[in-house]
Amino acid sequence: MRWGGGSLRSLLRMACAQGAAAASDEAYSFVGPDGIECVDMAPKTFHAIRELFGVSRDRYVAEWDFEDECGLEQGSGRQGLFLKSKCGTLLMKTILSSEFETLEAIIADYHKHLLQHPSSLLTPFFACHKLTQGLSTCYVLVQKNLCDLTALPKELFSRELEVFDLKGRLPKRAVPLPQEGKVVKDTHCHRLFPLPEGLCAALHTQLRADVAFLRAHELMDYSLLIAVAHPAEATSAPRRQSPPVSSSATAALPQLPSNPTRAARSVFRRHYGGVAAAAPAAGEVYFIGVIDSLTHYGVAKGVANFCKRLVWHAPTLSTVPPEFYAGRLLFYASSLFGTPPQPMQGGGLKARASSGLPSARGRSDSDSDDLRKGAALARP
């Protein structure tokens, strides 16, 4: 089934207008264009979250007020399908019914977490709707685009981001190299993302708090997204096989223009919408966040974990208990943002093996030992 882009944008504008005036979080429904019934989740809370991130009612409506031919196809996959807003600052994506129910259950606590942690790395969710047309139902989530390039000067940075989707797990089998321009997974992450010492410590502290929130709500299978904006002068060189851009390579960059994101709520969004890299990657900008965080570890996932562990080793699985998942990701991330004397050689897998994370070979630890280690790392 294909949902028209114009109809969806009209629904979002209507929902925002009514949600801004909502006196409670009780879900309400209305019928929009093409006879699509829209159920708006927690209108008061989502309005408050949008305001928290400086997205006013007028700005939100304006982002979805444009005409084009694109639409959004209902997808059955976990990742769903996406539709960008006018300026690209917002994303609308399809989600599963189970993810809709998970968000509905945690939305109040999620809002409190964002209030308590202004620099949270969790993806900001701005609205969630259940759309029904005839016998077809679609669940859509509106969120901040973590790779928002509107504040990035075009004359200084490439518009083509190098995107990493990292979970910290080992591969079950040999994985082919991704095509140029495609998202890079753990297996082929052959570099680090050095940050200034203060920001590096702040990021690890914040990531630990965010992961603790997800673990407390029994969520797993999320990823650490790192999108790298390269200086325009460095984009002609190969990326994955070469060292990160050195400080000398960017010394000749012209004076940076006024930074419109300096006063952003998050300390990780104050350098042109992201965070500035440290040497030896000085000149790069990183957009960092936790994505796909609405998968609940319930009975079905527990059964899946039991069955998969009969075939594969625990460190290769995404479907693992929340404590182990949290600890594994935190342990993996602890080696990503330091400032090494030289680029990491051999990729993330070798780095993990040398630092003690169970490797695909030489499985000296049992699965239960791995689970205990992950749980210990994830505890506050």
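1. Alanine 42 is buried, at 6% relative accessible area, under the 20% cut-off. Its backbone deserves a look. Phi is positive, about 40°, although alanine 42 is not a glycine. The residue sits in the loop between strand S3 (37-40) and H2. Keep in mind that this is a predicted model.

2. Just after H2 comes glycine 54, with a positive phi of about 75°.

3. Tyrosine 272 is another residue other than glycine with a positive phi, here near 55°. Its place is the loop between strand S11 (223-229) and S12. Is tyrosine 272 buried or exposed? It counts as buried because its relative accessible area is 2%, and the cut-off is under 20%.

4. Alanine 279 and proline 280 are the two residues it joins, and omega is about 10°. Proline 280 lies between strand S12 (275-276) and strand S13 (285-291). Anyone preparing this model for calculation will find the cis bond at that position.

5. Now the overall picture. The protein chain has 9 helices and 14 strands. Of its 380 residues, 51% are buried. Take the contacts with a separation of 6 or more: 71% of them link residues 24 or more positions apart. The chain exposes about 17,000 Å². Carbon and sulfur atoms supply 55% of that area.

6. Two helix pairs involve H5. A pair of packed helices is described by the angle between the axes and the distance between them. Start with helix H4 (residues 97-116) and helix H5 (residues 197-216). Their axes come within 11 Å and cross at roughly 165°. The angle is over 145°, so H4 and H5 are roughly antiparallel to each other. The crossing of H4 past H5 is right-handed.

7. Which residues of H4 and H5 meet? From H4 come Asp109, Tyr110 and His113. From H5 come Gln206, Ala209, Asp210 and Phe213. By class, this contact of H4 with H5 has 3 nonpolar, 2 polar and 2 charged residues.

8. The second pair is H5 with helix H7 (residues 322-333). The packing angle is about 165°, and the axes are 10 Å apart. That angle makes H5 roughly antiparallel to H7, because it is over 145°. H5 passes H7 in a right-handed crossing.

9. On the H5 side, the contact with H7 is made by His204, Leu207, Arg208, Val211 and Arg215. On the H7 side, Pro322, Glu323, Ala326, Leu329, Leu330 and Ala333 take part. The classes in the contact of H5 with H7 are 7 nonpolar, 1 polar and 3 charged residues.

10. How is valine 183 classed by accessibility? Its relative accessibility is 40%, so it counts as partly exposed. Phenylalanine 164 is 19 residues away in sequence, yet its C-alpha is 5.7 Å from that of valine 183.

Technical notes: Residues are numbered from 1 along each chain as its sequence is written. This is a predicted model: local features need pLDDT of at least 70, side-chain atom pairs count only at pLDDT 80 or more; totals for chains, interfaces and linings use all residues. Side-chain values use heavy atoms; hydrogens and water are left out. Axes are lines fitted to C-alpha atoms, for helices over the stretch in contact, and angles run from 0 to 180 degrees between N-to-C directions. Helices (H or I, at least four residues) and strands (E, at least two) are DSSP runs, numbered from the N terminus. Angles under 35 degrees count as roughly parallel, over 145 as roughly antiparallel, 65 to 115 as roughly perpendicular and the rest as oblique. A crossing is left-handed if the near helix is turned anticlockwise from the far one by less than a right angle, and right-handed if clockwise. Contact means heavy atoms within 4.5 Å. Ala, Val, Leu, Ile, Met, Phe, Trp, Tyr, Cys and Pro count as nonpolar, Asp, Glu, Lys and Arg as charged, and the others, Gly among them, as polar. Buried means under 20% relative accessible area, exposed over 50%, partly exposed in between (1.4 Å probe, protein chains only). Accessible areas come from the Shrake-Rupley method with a 1.4 Å probe; for residues, only the protein chains shown count as cover.
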